[in-house]
Amino acid sequence: MSFTDKVLEIIRAIPSGKVMTYGQIARLAGSPRGARQVVRILHSMSRKHQLPWHRVINAKGEIGLKDEEHVQAQKMSLESEGVHFHHHTFVNLEIYQYHPEEWEDKHS
């Protein structure tokens, strides 16, 4: 399976009300330094593959988009799933970050 296919699979598996970071997804897909590739994949393939793009944020727990309209769309989508923000665009990763590797370790 290619890096891109793994990234798509990981993003599809993020449950409602949870988030993952670009770097975390890259690491799980086999490229620890591939966070920017994850950004490009999300940008170019989210609509085509109907990805829950709004569940992917940066390593600081912040919405990484620059355009205010897109920031608001992502924030509203996450809030509708029960995610709470602090300082306008930050999510507490200790509460909301999804760790599929922990789940897999516990269930394998």
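These are my notebook entries on a predicted model of a protein structure.

**Ground rules**

I number residues from 1 along each chain as its sequence is written, and for side-chain values I use heavy atoms, leaving out hydrogens and water. Because the model is predicted, local features need pLDDT of at least 70 and side-chain atom pairs count only at pLDDT 80 or more, while totals for chains, interfaces and linings use all residues.

**Entry 1: helix α3**

I began with α3, which spans 35-49. Helices here are DSSP runs of H or I with at least four residues, strands are runs of E with at least two, and both are numbered from the N terminus. I checked the axis of α3 and found a bend of about 40° at His43. The bend at a residue is the angle between axes fitted to the seven residues ending there and the seven starting there.

Which residues of α3 are buried? I noted Val38, Ile41, Leu42 and Ser46. Buried means under 20% relative accessible area, exposed means over 50%, and partly exposed is in between, with a 1.4 Å probe and protein chains only. An α-helix has 3.6 residues a turn, so residues three or four places apart point the same way. Among the parts covering the buried residues of α3 are α1, α2 and β2.

I then looked up Ser46 itself. Ser46 counts as buried because its relative accessibility is 10%. Setting aside residues up to four places away in sequence, Ser46 touches Ile41, Leu51 and Trp53. Contact here means heavy atoms within 4.5 Å. I also checked Ser46 against Ile11: they are 35 residues apart along the chain, and their C-alpha atoms are separated by 9.7 Å.

**Entry 2: the cores**

Next I looked for nonpolar cores. Such a core is a set of buried Ala, Val, Leu, Ile, Met, Phe, Trp, Tyr and Cys residues joined through side-chain atoms within 4.5 Å. The largest one has 17 residues, and those touching the most other members are Phe3, Val7, Ile11, Ile25, Val38, Leu42 and Val56. Two or more residues each come from α1 (3-12), α2 (22-28) and α3. Which element gives the largest share? I found that α1 does, with five residues.

Beyond its neighbours within four places in sequence, Val7 is in contact with Ile25, Ala29, Val38 and Ile41. There is also a second, separate core of ten residues, including Leu78, Phe85, Val91 and Leu93.

**Entry 3: the largest pocket**

I put the volume of the largest pocket at about 490 Å³. A pocket is found on a 1 Å grid over the protein atoms alone, as an open set of points where a 1.4 Å probe fits, with protein on both sides within 12 Å along at least five of seven lines; lining residues have an atom within 4 Å of a point. Points are joined across faces, edges and corners, and the volume is the space filled by probe spheres set on them.

The lining has 13 residues, and Leu42, His43, Ser46, Trp53 and Leu65 lie nearest the centre of the pocket. Helices α3 and α4 each supply at least two lining residues. The largest share, five residues, comes from α3. His43, where α3 bends, turned up again in this lining.

**Entry 4: one salt bridge**

How many salt bridges are there? I counted one. The rule asks for a side-chain nitrogen of Lys or Arg within 4 Å of a carboxyl oxygen of Asp or Glu. The pair is Glu81 and Arg55, with the closest N and O atoms 2.7 Å apart. Glu81 is in the loop between α4 (68-80) and β3 (85-86), and Arg55 is in the loop between α3 and β2 (56-57), so the pair ties together parts 26 residues apart in sequence. Arg55 counts as buried, because its relative accessibility is 12%.

**Entry 5: positive phi**

Most residues other than glycine have a negative phi, and most peptide bonds are trans. I noted Gln50, which follows α3 and has a positive phi of about 50° although it is not a glycine. Gln50 is exposed, at 72% relative accessibility. His88 also has a positive phi, near 70°. His88 sits in the loop between β3 and β4 (90-91). Is His88 buried or partly exposed? I have His88 down as partly exposed, because its relative accessible area is 42%.

**Entry 6: Gln24**

Last, I looked up Gln24 in helix α2. At 2% relative accessibility, Gln24 is buried. Apart from neighbours within four places in sequence, Gln24 is in contact with Gln97, Tyr98, His99, Pro100 and Glu101.
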